[in-house]
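Hi there,

Here is the structure I promised to pass on. Please have a look at it first, and then read my notes below.

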Amino acid sequence: MKFFGLVVLLLILSFILQEFIPVFDWAFGSRLLLVHAVFLAASIAVPFPTMLTMAMATGLAWDARYHIPIYPAEAAMGTFVQSEIPFGFTIFIFGIMGALIQGVRPLFKRGRWELPVFMIGLCTGLGLLLEYLIISFHRGGLETSPELWWKMLMTAMFSSLVSPFLLLLLSRAADRMRYRIRMEGLKRRHTYDGDAL
Amino acid sequence: MSRLNIIFLITFVGLLIWITLFQPEAIGKIQRGAMVALRPFMKASNQLDGAVATLGSETLSPAEVREKLAAVEQERDRLKLEVIQLDEILTENNQLRNALQYLEKSPLSLVAARVISRKPTNWYNTLVIDKGELDGIKVDSPVIVPLGEEAGLVGKVSEVIAPHSAVVLLLTDEMCQVSAKLENSQEQGILSGQRGALRKLPSLRLRYLSKEAEATPGAKVFSSGTGELFPANLLLGEVNSVKIGIIDAEANVKPSVNFDDLVDVFIILPSESAQAAPESIPVKPVTPP
């Protein structure tokens, strides 16, 4: 329970710190998405239902702060009233990213962080790509440029760079709070022939 | 997958669908709450940015003096803009009354605002200002800054998120489209920014120009006022280069406003008459007496 409290505290803190993180012009307008990094690092350490609850709360808070209602051209004709990226879409992205990263929980438990670190960057980049694709779908025409790819790559890289520190913090906290990362859902209860073990 | 996981997954999907169906009013309430909670940190962050920017400068005046100076500068800029606007309105009135027999345009009223957060979202070029609902700010209100003797367009209000906060969509964003005209020419087109908030590419695109358009590099680009959203004669930028296509031409335009240095901006409020009857915003012809 203490560990979950710490995770919530970290997420709140990340929202505050996110306000102070600058946009790097030299990195094509990319920045460190600390909230994403904290969410993904925490998702490795918590069970699936907790991850979904975190995705709901974090995504909602992110959209409450950063969602911009930009309406596609159809809105002017009264046929479409939902903004390009709908409010709540970040919850969906966090849910998908969290589900993906849960796959590397066994590695994290064993103290192997290479793949979790890579996955945190990859998931951040994929989330951005998904948002961009939605925008492009609404506006028509997939406009890509080297700068666009660099922006996504740099943002993903910033997340990857900060993630070892977050994983270390969570790992140490888990040890100190006697929180055990369980592997529910990984036990093989049946043989491949369908017989119970 | 365990039963608990399935229950949570179904609940998650259900809540997600419910949230995406929220009406704008409900979203507004949630965003207002977030803005109230995070506003102190946004302001602190902006002050920190300012402090870092001034770090290393030769003289640092005391905070009170800086505050007073900023207020005086803001007032001076506001008056300067009013003079510009009044000059334009006067000229326009004369033109409309004498030559075209149009009614005079509604006078513009300005509200000064300070930028409290300039960090764009992932894909939109935006900034947050310290004026909102209680200051009379409306969605789509044009945002300008004085540029010498002219007024430069910064963008438009995209969302009023709190009693004293609003989001401005910058001219450099693809979704901020302005009806524009070339200096000393009747040539008109649509000016827009780029997709994706890639700050390394701040140039704008002036599209749908005719192939015969005399868009020489250095020519100024102004708002034409025909789109009804932005007033005429706001400075938008200067032509960098022109690309002639098969059926039309497109100019690459360098914005006149330095979006990284924005501190104080001005919002053009809709006039009372315009609020009462939006269709009366554009000039309309009247029969001669």
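A word on conventions first. This is a predicted model, in which local features need pLDDT of at least 70 and side-chain atom pairs count only at pLDDT 80 or more, while totals for chains, interfaces and linings use all residues. Residues are numbered from 1 along each chain as its sequence is written, and chains are lettered from A and ligands numbered from 1 in the order in which they are written.

Chain B

Four helices and twelve strands make up the element list of chain B; helices (H or I, at least four residues) and strands (E, at least two) are DSSP runs, numbered from the N terminus. Of its 289 residues, 35% count as buried, where buried stands for 20 or more other C-beta atoms within 10 Å of a residue's own, exposed for 12 or fewer, and partly exposed for anything in between, with C-beta atoms placed from the backbone.

Chain B has two domains, domain 1 (3–52) and domain 2 (62–271), with bounds that come from an automatic or database domain assignment. Taken over C-alpha atoms, their centres are 30 Å apart. Nine residues of domain 1 of chain B are in contact with seven of domain 2 of chain B, a contact being two C-beta atoms, placed from the backbone, within 7 Å. The domain 1 side of this contact has three nonpolar, three polar and three charged residues. For these classes, Ala, Val, Leu, Ile, Met, Phe, Trp, Tyr, Cys and Pro count as nonpolar, Asp, Glu, Lys and Arg as charged, and the others, Gly among them, as polar.

Where the chains meet

Here 40 residues of chain B are in contact with 37 residues of chain A. On the chain B side, helix 1 (3–20), helix 2 (24–54) and strand 4 (150–162) each give two or more residues, and helix 2 of chain B provides the largest share, ten residues. By class, that side has 24 nonpolar, eleven polar and five charged residues.

Helix packing in chain A

Helix 2 (residues 34–45) and helix 7 (residues 146–176) of chain A pack at about 45 degrees, with axes 9 Å apart. The axes are lines fitted to C-alpha atoms, for helices over the stretch in contact, and angles run from 0 to 180 degrees between N-to-C directions. The pair is therefore oblique, the class left over once angles under 35 degrees count as roughly parallel, over 145 as roughly antiparallel and 65 to 115 as roughly perpendicular. Among the residues making this contact are Leu34(A) and Ala41(A) of helix 2 and Leu166(A) and Leu170(A) of helix 7. Its classes are eleven nonpolar, three polar and no charged residues.

Helix 2 of chain A also packs with helix 4 (residues 89–101) of chain A, at an angle of about 45 degrees and with axes 9 Å apart. There, Phe39(A), Leu40(A), Ser43(A) and Ile44(A) of helix 2 meet Phe94(A), Met97(A), Gly98(A) and Ile101(A) of helix 4.

Two positive phi values

Most residues other than glycine have a negative phi. Phe28(A), in the loop between helix 1 (2–18) and helix 2 of chain A, has a positive phi near 60 degrees. Arg178(A), in the segment after helix 7 of chain A, has a positive phi of about 55 degrees. Phe28(A) counts as buried because it has 24 C-beta neighbours inside 10 Å, whereas Arg178(A), with 8, counts as exposed.

Best wishes
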